[in-house]
Amino acid sequence: MNMAELVTYSKENGIAHIIIDNPPLNVMGSVVQQQIKKVFEQVQQDEEVVCAVLTTAGNKAFMAGADIKEFPQLMDNPNMKEEVMEIHGMLNTVDQLPKPTIVVLDGLTLGGGCELALAFDIRIAEEHVFIGLPEVKLGLFPGGGGTQRLSRVVGAAKAKEMMYTGDPIAAADAEKVGLVNHVTPQGEGLNLAMKLAGQIANQSLQSLSRIKQAVDEGLEKNLQDGIDLEATLFTDVFQTEDVCEGVDAFINKRKPVFKHK
């Protein structure tokens, strides 16, 4: 791997396995941010990929946050918001990928690492992991979507408590509040992620992408408008080849073969 390639992906059986390798703590510096965005754009265009799984190298940290050494250049920077919005652009690319996404948290998941994890559909944490947004301890607050995405996942009260104190929570507690979907023994997160991804990758991407759109966009609407969106997408999916294949396979008692395009 070229030294400049800190974010790469491989694919097999409809699953893209994306790896961030920025030792020792996989901090999210500007180069990592740019490469995450580029890789997710590639995954979006890759017609062979149905589901994406993200892991990071090493076992000390999933991601210990942003690169604090880059913070001084933001101080008194008249273009700071523009640079911050570039980070949001990357996170939105992850969040809005029209394919299911899974992230495996296998070490400290703090600050920007937590904010990156929040941009995924499904989060799996190994039992020894701690997750948090400690920015308040630097006189800051989460600036990578943490105030918005965390509150939507765990509710405003719990999100405020985590951000007000800056203290991380253990994986088991994160599961209790819905911050992570599953907790596994140490070293087994990727195995569960790939098992889930395998189940997902056998489904129709036409269906999966509309499920994601209906849920994500529907959360920002009132119930009736959300139902209208669902009905529109449900009408759309009936015009696809995959629904014809799925129904025919059911009627004829065979396994469907979806095109994934």
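User: Hey, which residues are buried in helix 1?
Analyst: This is a predicted model, by the way. In helix 1, the buried ones are Val-32, Gln-33, Gln-35, Ile-36, Val-39, Phe-40 and Val-43.

User: What covers them?
Analyst: The cover over the buried residues of helix 1 includes strand 1, strand 2, strand 3 and strand 5. Helix 2 (80-95) and helix 3 (112-118) are also part of that cover.

User: And how does helix 1 sit on the strands?
Analyst: Helix 1, residues 30-45, lies across strand 1, strand 2, strand 3 and strand 5. With strand 1 it makes an angle of about 25 degrees.

User: How many residues does helix 1 have, and how far does it reach?
Analyst: It has 16 residues, and from its first C-alpha to its last it reaches 23 Å. That is close to the 22 Å expected at 1.5 Å a residue.

User: OK, new topic. What order do the strands of the sheet come in?
Analyst: Six strands form an open sheet, in the order 1-2-3-5-7-10. The pairing in this sheet is mixed. Strand 1 (7-12) and strand 10 are the edge strands, and each of them pairs on one side only.

User: How much are neighbouring strands turned against each other?
Analyst: On average it's 20 degrees between neighbouring strands of this sheet, ignoring direction.

User: In which sense do strand 2 and strand 3 pair?
Analyst: Those two pair in the parallel sense, over six bridges. Here Ile-20 stands opposite Thr-56 in strand 3.

User: What's in the loop between strand 2 and helix 1?
Analyst: Pro-23 is found there.

User: Is Pro-23 buried or exposed?
Analyst: Exposed, with a relative accessible area of 61%.

User: Let's jump to helix 7. Which residues are buried there?
Analyst: Gly-189, Ala-193, Leu-196, Ala-197, Ile-200 and Ala-201. They cover an arc of only 135 degrees around the axis, so they are on the same side of helix 7.

User: Which residues are exposed on the other side of helix 7?
Analyst: Asn-191 and Lys-195 are exposed over there.

User: How far apart are the end C-alpha atoms of helix 7?
Analyst: They are 18 Å apart. At 1.5 Å a residue, the 13 residues of helix 7 should span 18 Å, which agrees.

User: Zooming out, how many helices and strands does the protein have?
Analyst: The secondary structure comes to 10 helices and 10 strands. Buried residues make up 44% of the 261 residues.

User: What's the radius of gyration of the protein?
Analyst: The protein has 19 Å. A compact globule with 261 residues would have one near 18 Å, which agrees. The C-alpha atoms fill a box of roughly 65 × 45 × 40 Å, taken along the principal axes.

Note on methods:
Residues numbered from 1 in each chain as written. Predicted model: local features only at pLDDT ≥ 70, side-chain atom pairs only at ≥ 80, totals over all residues. Heavy atoms only, no water. Helix = DSSP H or I, 4+ residues; strand = E, 2+ residues; numbered from the N terminus. Expected span 1.5 Å × (residues − 1). Buried < 20%, exposed > 50% of the residue type's maximum accessible area, 1.4 Å probe, protein only. Arc of directions from axis to C-beta. Pairing = 2+ DSSP bridges. Axes fitted to C-alpha atoms, helices over the stretch in contact; angles between N-to-C directions. Contact = heavy atoms within 4.5 Å. Rg over C-alpha atoms; globule rule 2.2 N^0.38 Å.
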